[in-house]
Amino acid sequence: MAAAAAATVRVAAAQMTSINDLSANFNTCSRLVQDAVAAGAKLLCFPENFSFFGSKDGESLTIAETLDGPIVHRYCSLARESGIWLSLGGFQEKGPDDAHLCNTHVLIDDSGNIKSTYRKIHLFDVDVPGGAVYKESHFTTAGQDIVAVDSPMGRLGLTVCYDLRFPELFQQLRFQHQAQVLIVPAAFTKVTGEAHWEVLLRARAIETQCYVIAPAQAGKHNEKRECYGDTLIIDPWGKILGRLPDRISTGITVADIDFSLIDSVRTKMPISEHRKPLDFWKSASL
């Protein structure tokens with residue numbers, strides 16, 4: 001387990017309604033950073049598509065940039081000037097060709113340096129019941145690597161949105177990569193959010209015995225797209241610690257990561273000792 005400099009550390013999760021305007025979104029993020037700093041948070045997590053939310057197919061490709069481009073540089077400067085870590089969940093990183101981008105979770109430290117990046121593994125190719133059809137793979141290249149990184153907030157496991165539905169990724173982050181805090185930036189649709197958002201997040205927290213920070217896009221972004229919202233911070237026992245009073249308003253929620261609680265939950269219910277290796281299930285009789 002990663003050593004912590006303090007017994008507790010405060011974190012914040014943002015809720016916002018991004019649009020197809022880089023400057024407007026940055027201004028919103030800047031205000032939320034100020035709020036997080038004022039609340040004593042050491043880390044602020046933004047939702048998927050924080051910097052740009054396209055209004056039509058292919059629009060995000062037109063603004064996709066490399067990690068050393070001006071968009072990320074601006075957020076690195078914001079982190080450095082504010083003295084806070086930033087989780088940028090779901091940045092449109094320029095992909096392997098002009099027809100594809102990567103949906104990239106960028107972690108920036110309080111000195112303004114990129115500490116780690118995770119490219120979304122599970123792409124949202126879904127016909128939502130009672131909703132629209134989404135084909136993220138048409139313009140996005142899937143990532144291949146599981147990412148966890150040490151920080152003053154503990155060992156962070158990075159994911160993006162649709163990854164939430166795949167518990168094996170979260171199991172890997174906890175048991176093979178020793179994550180203590182799982183970050184799940186998202187832009188869940190209104191339909192899927194109403195049905196599954198909270199229950200999936202609480203399940204991931206309980207089954208991994210990790211804190212879960214889940215910043216969410218919220219409300220109507222354009223005529224075609226509406227997100228569920230309901231930004232949450234959840235403890236390793238599945239208790240909701242942070243939630244905005246309004247599911248679709250713009251703002252932050254804060255909570256304290258308590259490292260002794262992680263140790264207590266894991267000691268009293270030692271699932272890491274009881275779980276079976278993958279080889280066991282391959283050889284188990286049906």
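**View 1. Helices α4 and α8 at the second largest pocket of the predicted model.** At least two residues of the lining come from each of α4 (167-175) and α8 (278-283), and α4 supplies the largest share, three residues. The residues that line this pocket are E168, Q171, Q172, Q176, R275, K276, P277, L278 and W281, and by type they divide into three nonpolar, three polar and three charged. The space that lies in the second largest pocket comes to about 190 Å³.

**View 2. The largest pocket and the residues that line it.** With a volume of about 830 Å³, the largest pocket receives two or more lining residues from each of α2, β3, β4 and β7 (133-135). Its lining consists of 37 residues, and those nearest the centre of the pocket are F53, D57, Y134, F139 and R225. Sorted by type, the lining holds 15 nonpolar, twelve polar and ten charged residues.

**View 3. Helix α3 (residues 70-82) and the elements that cover its buried residues.** The end C-alpha atoms of α3 are 18 Å apart, which agrees with the 18 Å that its 13 residues should span at 1.5 Å a residue. Buried along this helix are I71, V72, Y75, C76, S77, L78 and A79, and the elements that cover these buried residues include α1 (22-38), α2 (59-63), β3 (85-94), β4 (101-108) and β5 (114-119). As a guide to reading such a view, an α-helix has 3.6 residues a turn, so residues three or four places apart point the same way.

Technical notes. Residues numbered from 1 in each chain as written. Predicted model: local features only at pLDDT ≥ 70, side-chain atom pairs only at ≥ 80, totals over all residues. Heavy atoms only, no water. Helix = DSSP H or I, 4+ residues; strand = E, 2+ residues; numbered from the N terminus. Expected span 1.5 Å × (residues − 1). Buried < 20%, exposed > 50% of the residue type's maximum accessible area, 1.4 Å probe, protein only. Contact = heavy atoms within 4.5 Å. 1 Å grid on protein atoms, 1.4 Å probe; cavity = no way out; pocket = protein on both sides within 12 Å on 5 of 7 lines; lining within 4 Å. Points joined across faces, edges and corners; volume = space filled by probe spheres on them. Nonpolar A, V, L, I, M, F, W, Y, C, P; charged D, E, K, R; others polar.
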